Amino acid sequence: MNQQQCKVLKNMEIARDYYELEFTWDNKSEPKPGQFLTINPNGVPLLRRPFAFSSYQSGKAAIIYKKIGMATKGFSVLREGDTIDVLGPLGNPFTLPEKRPLLIAGGIGLGPMIFTANYLAENSYSPILVVGARDKSLIPELNLNSAIKVNYCTDDGSLGFKGNVAEFLGSQRDFSVSDCEIMACGPHIMLKACHEIAIKNNIECQVSLEEMMACAVGACYGCVVETTLDEKYKRVCKDGPVFNSRVIKWT
Amino acid sequence: MDLKVKIRDKFLQNPVGTASGTYGYGEEYGELIDINKLGAIFTKAVTVLPREGNPLPRLTETPYGMINSIGLANGGVDGFLSKKVPFLNSVKNCAMIINVAGSTEDEYSNVIKMIDHVDSVWGYEINISCPNVKTGGLAFGTDPIQVERLTSTLRKLTNKPVIMKLTPNVTDITTVAVACEAGGADAISCINTVMGMKIDIHKKQPSIYQKTGGLSGPAIKPVGVAAVYRVTKKVSIPVIGLGGIMNADDAIEYLLAGASAIQVGTANFIDPNTPITVLEGIKDYMINNGLTKISDFHNFIL
């Protein structure tokens, strides 16, 4: 990890309130899918905000964020050439799967799953990507490797399957969940559903968690998650954010 | 220019430290800054036995600050000796000051007895003020009689500096400071977090599990500066100022108020480089104002 002043290359609204922020990246530490960074909001609010990488190529990286609070409203007006104070890459990436990767993205969990899907496709996997959102206005046009099989789910049926990702996985499909390995990022309730599907199908499941953070480097113990292990709490920032779903105590 | 700060019979190389609980034991931040440039690292609290810490949520953000209730999560003395001391031994120049917490006098004493043999332990900062643990420091830190007794007990256990860390959540912080000095404390850290609470009006519940927690960040800086000013008028031992220091100007305020050293806490979360920029800013200020030693800061505000 390192702290760098990155130049904004692009900051575009790609779906309703969803922005893609692309910026220069010093190649001495290469982000891997599942890893994250924090951006200094420069005053108000106070704490840095964590975001998962949504892409990385030599010299540049990107995140997808949702304009939702004071910090992200501030980010939404960044323009090409502006400087952002970035700390990263942080945390542990997804582990390469042994079986066919079944990637589940819910809401703003889309960013890291795009990165993961493209990375796996470039490394000769045939990933399945399931993208869930409330309606199609929240789903951007995706820049995906052609080896990725994409499925959309919307609560209102405005794009793809009508229903949530768990209902989609329980419906008729042209792949078998039990032949796959789940990698997921999204709302807690969706991750819990992914975990339950993994248990039912006796397959592996990695989840990327989000938690309020202060330091994001493992020092403050503010962002812990309760586990099923002897060590009751693990740090989302340092021990995660990607965890084997069986390690998490789901509530 | 002489930046050294004398505490007991030892010297910090400069007045800038990092506050307990914000910096671990330094190892995480060692990747980002050269910690050997710091005056001191005040470590995460060490308790006799391991503590898993409080249930979630532990953190919430407030205007110009944050509230935390981590619950002194740490690996206990055994974890400290086996997992942290090797790192401490690798640090040069920067004083490693171990923050010690406990819920009885014996617990505080036992931590010091069990780790005092470690050469890389420079001294101790005694947490008598953490407002987070129901059975913990609050009672000690609010009662001058108990504070004096605890200080004098711990003072006898070691030849290393013993620094008492005060809570601002008292009627008159100067009475507690005077008790520390009477008990033989070598220095005082001032202040710990201010008790605070935030309520989520949509959930109609407190924002953190423990309901109340410790408020830190720029919101508490004036509270800390006032406490340092008042305490330094009543005691002659060095006072280490902390609370909401975000930049060199804030640190200079504390030094002018009477502090002999300062700690950077919450600001580490926002910019890990803050302790270094604070140190550089203090040096620049000293040059621009013709100050040659830290005690020169104390000549202006009477």
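This is a predicted model: local features need pLDDT of at least 70, side-chain atom pairs count only at pLDDT 80 or more; totals for chains, interfaces and linings use all residues.

Biologist: Okay, into which domains is chain A divided?

Modeller: Chain A is divided into domain 1, covering residues 2-90, domain 2, covering 100-208, and domain 3, covering 211-251.

Biologist: How far apart are the C-alpha centres of domain 1 and domain 2 of chain A?

Modeller: Those two centres in chain A lie 23 Å apart. The domains do touch, with 13 residues of domain 1 of chain A in contact with 14 residues of domain 2 of chain A.

Biologist: Which strands supply the domain 1 side of that contact?

Modeller: In chain A, strand S1 (2-15), strand S4 (49-57) and strand S5 (60-66) each supply at least two residues of the side of domain 1 that touches domain 2. Of these, S4(A) gives the most, with 4 residues. Sorted by class, this side of domain 1 of chain A has 8 nonpolar, 3 polar and 2 charged residues.

Biologist: Let's stay with S4(A) then. Is it mostly covered or mostly open?

Modeller: S4(A) is mostly covered, since 8 of its 9 residues are buried.

Biologist: And which strands does S4(A) pair with?

Modeller: One partner is strand S3 of chain A, residues 36-39, which pairs with S4(A) in the antiparallel sense over 4 bridges. Within that pairing, A:Phe36 has A:Ala52 in S4(A) as its bridge partner. S4(A) also pairs with S5(A), again in the antiparallel sense and over 4 bridges, and here the bridge partner of A:Tyr56 is A:Ala61 in S5(A).

Biologist: What holds such pairs together in general?

Modeller: Strands of a sheet pair through backbone hydrogen bonds, and they can do so either parallel or antiparallel.

Biologist: What lies between S4(A) and S5(A)?

Modeller: The two strands form a hairpin with 2 residues between them, and A:Gly59 in the turn has a positive phi of about 85°.

Biologist: How many helices and strands does chain B have?

Modeller: Chain B has 9 helices and 16 strands, and its C-alpha atoms fill a box of roughly 55 × 45 × 40 Å along the principal axes.

Biologist: How does the radius of gyration of chain B agree with a compact globule?

Modeller: A compact globule with 302 residues would have a radius of gyration near 19 Å, and chain B has 18 Å, which agrees. Of the 302 residues of chain B, 57% count as buried. Among the contacts in chain B with a separation of 6 or more, 72% come from residues 24 or more positions apart.

Biologist: You mentioned S5 and S6 of chain B, so which order of strands do they belong to?

Modeller: They belong to an open sheet of 4 strands in chain B, in the order S5-S6-S14-S11, with antiparallel pairing. S5 and strand S11 (194-197) of chain B stand at the edges with a single partner strand each, so one side of each is left without a neighbour in the sheet. The twist averages 40° from one strand to the next.

Biologist: How many bridges join S6(B) to S14(B)?

Modeller: S6(B) and strand S14 of chain B, residues 212-216, run antiparallel and are joined by 3 bridges. B:Asn68 stands opposite B:Gly214 in S14(B).

Methods: Residues are numbered from 1 along each chain as its sequence is written. Chains are lettered from A and ligands numbered from 1 in the order in which they are written. Domain bounds come from an automatic or database domain assignment. Two residues are in contact if their C-beta atoms, placed from the backbone, lie within 7 Å. Ala, Val, Leu, Ile, Met, Phe, Trp, Tyr, Cys and Pro count as nonpolar, Asp, Glu, Lys and Arg as charged, and the others, Gly among them, as polar. A residue is buried if 20 or more other C-beta atoms lie within 10 Å of its own, exposed if 12 or fewer, and partly exposed in between; C-beta atoms are placed from the backbone. Two strands pair if DSSP finds at least two bridges between them. The radius of gyration is taken over C-alpha atoms; the globule rule is 2.2 Å times the number of residues to the power 0.38. Axes are lines fitted to C-alpha atoms, for helices over the stretch in contact, and angles run from 0 to 180 degrees between N-to-C directions.
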